[in-house]
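Hi,

Here is the structure I promised to pass on. Have a look, and my notes follow below.

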Amino acid sequence: MHALVRVCVLISRAAVARHPDPTSTCHEATNTTVHSSCQGNTNTCSDATEVPARGASSHPSATTPHLPHTPVKAKSASPVSKLHPRQREIRRASEAPDAMGKPAKPSSAATPPAPPKTVHSPLLTYASMLSLLSLCPPFVILLWYTMVHADGSVVRTYQHLRDHGLLEGLRSLWPMPTVAAGKIILGFAFFEAALQLLLPGKRFEGPVSPSGNVPVYKANGLQAYAVTLATYLSLWWFGIFNPAIVYDHLGEIYSALVFGSFVFCILLYIKGHVAPSSSDSGSSGNAIIDFYWGMELYPRIGKHFDIKVFTNCRFGMMSWAVLAVTYCIKQYEMNGRVADSMLVNTALMLIYITKFYWWESGYWCTMDIAHDRAGFYICWGCLVWVPSIYTSPGMYLVNHPVNLGPQLALSILLAGILCIYINYDCDRQRQEFRRTNGKCSVWGKAPSKIVASYQTTNGETKTSLLLTSGWWGLTRHFHYVPEILSAFFWTVPALFDHFLPYFYVIFLTILLLDRAKRDDDRCSSKYGKYWKTYCNKVPYRVIPGIY
């Protein structure tokens, strides 16, 4: 089980949609020129968004072992402008004196960036690749089978595999993709793609890429979310489509997603070779690594349809919301009522997802979009892992309604809402600190901060402000606490008859504690003595007084 959880942690780092780390995890403001529209961070160690100059290397992800890429010449028009005014502003800023009063070094745009360091060892890199490819697809099917056909009992599923043999037992319970499942998936995908393209939204510019491109998005995620839920509920209410059908074909849908996502990633790999969308693409020279980690940073179809926004935000996150509603309706169809446990679970999930879409444009500045390339690693997680694992507590509750009673149900609901709000307020507080360069109020007072200097990959000396008050004075990664507790509160309505509903909470906890340590290691390397001063002032990593 420990090995399987570790594998799922590796996948979850790619499935960002649910855990799009809204911003990074260290909380600072920097004096570098940034996009005023960016509300998040491309880095993993909660630095403020540092926009790399044209030709500069972006920071390596703390989750993805990136390898050097050989550029592939774009054969189609780039969907991101290489002559954007923001780039000229950044270049001018790079020629101005730095925060230490010294003339900045000349831009090294003409100098190829140094290859980013590999975060994990080659052995761990290949182990994670093989684990994801071989273990996680069957785990998705096993989880579905256990929830729906084995009464949520891991023991019963184990007995089935033991009695029939591992391979034969797995083959016998693995549902084959069907035409009905394909229609449901394609109908949903085309509907979300149409909303992504057609709904109005404000123009949003992401951070300048390592190759100097400025990705442009249309921020209409909240509108798409509202239209999707309204349409889905209307189809059910007026008898046009019964969402219970989705639940009835759930195993076939997951099976189709497992195989279909693999084909989708093959097409992405081919596209990266023959028709990259921009100069932010390239090959490592190893076909397996290119397929697994991806070749393109911003793959698009045409000029306006961003593939990563679709997979991460409009398919992965939206399917989470749709399936949460589906489980509610299925329970109503079966029992003539919806248990208060299911209502609490669904309400908290939808509130959390609403928070995500409210902030979606900030997500486009995080490492999931602005740093990680589109390959099997991230796309499979968003297309398969999110709709299966993240929705699993509700999947369990369909056949296991629990009557909590008004007092307990309301208490869990309010506790969950409070955690979601605190998680939101942590990010809001940090973003406001960055936006104002520390000239703001934190909990009614001037913020406490540390002025830290560091060197960029180009040898420039820059400064950042490290926030040490408010939520960020409690621990260095306090926002992970309400993140984990939110997941716990939308799971706990299932009570404790079975372990499996809590799998998501457990793997999320392992993921975030591991991420906190890696972020601390990265920030320590970046800031040196300033990070030690920061850790002396904020001594605990995640849980105040404990860890």
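D425 counts as buried, at 7% relative accessibility (buried is under 20% relative accessible area, exposed over 50%, partly exposed in between, with a 1.4 Å probe and protein chains only). Its salt-bridge partner is R428, with the closest N and O atoms 2.7 Å apart (a side-chain nitrogen of Lys or Arg within 4 Å of a carboxyl oxygen of Asp or Glu). R428 is partly exposed, at 35%. Both residues sit in helix α17, 3 residues apart, about one turn of the helix (helices are DSSP runs of H or I with at least four residues, strands E with at least two, numbered from the N terminus).

Please keep in mind that this is a predicted model, where local features need pLDDT of at least 70, side-chain atom pairs count only at pLDDT 80 or more, and totals for chains, interfaces and linings use all residues. Residues are numbered from 1 along each chain as its sequence is written, and side-chain values use heavy atoms, leaving out hydrogens and water.

The salt-bridge count comes to 14. Another one pairs R476 with D520, again with closest N and O atoms 2.7 Å apart. R476 lies in the loop between β9 (461–467) and α18, and D520 in helix α19 (residues 503–527), so the pair ties together parts that are 44 residues apart in sequence. R476 is buried at 6%, and D520 is buried at 4%. Salt bridges with shared partners join R476, D520 and R541 into one network.

D248 also bridges to K330, at 2.9 Å between the closest N and O atoms.

Best wishes
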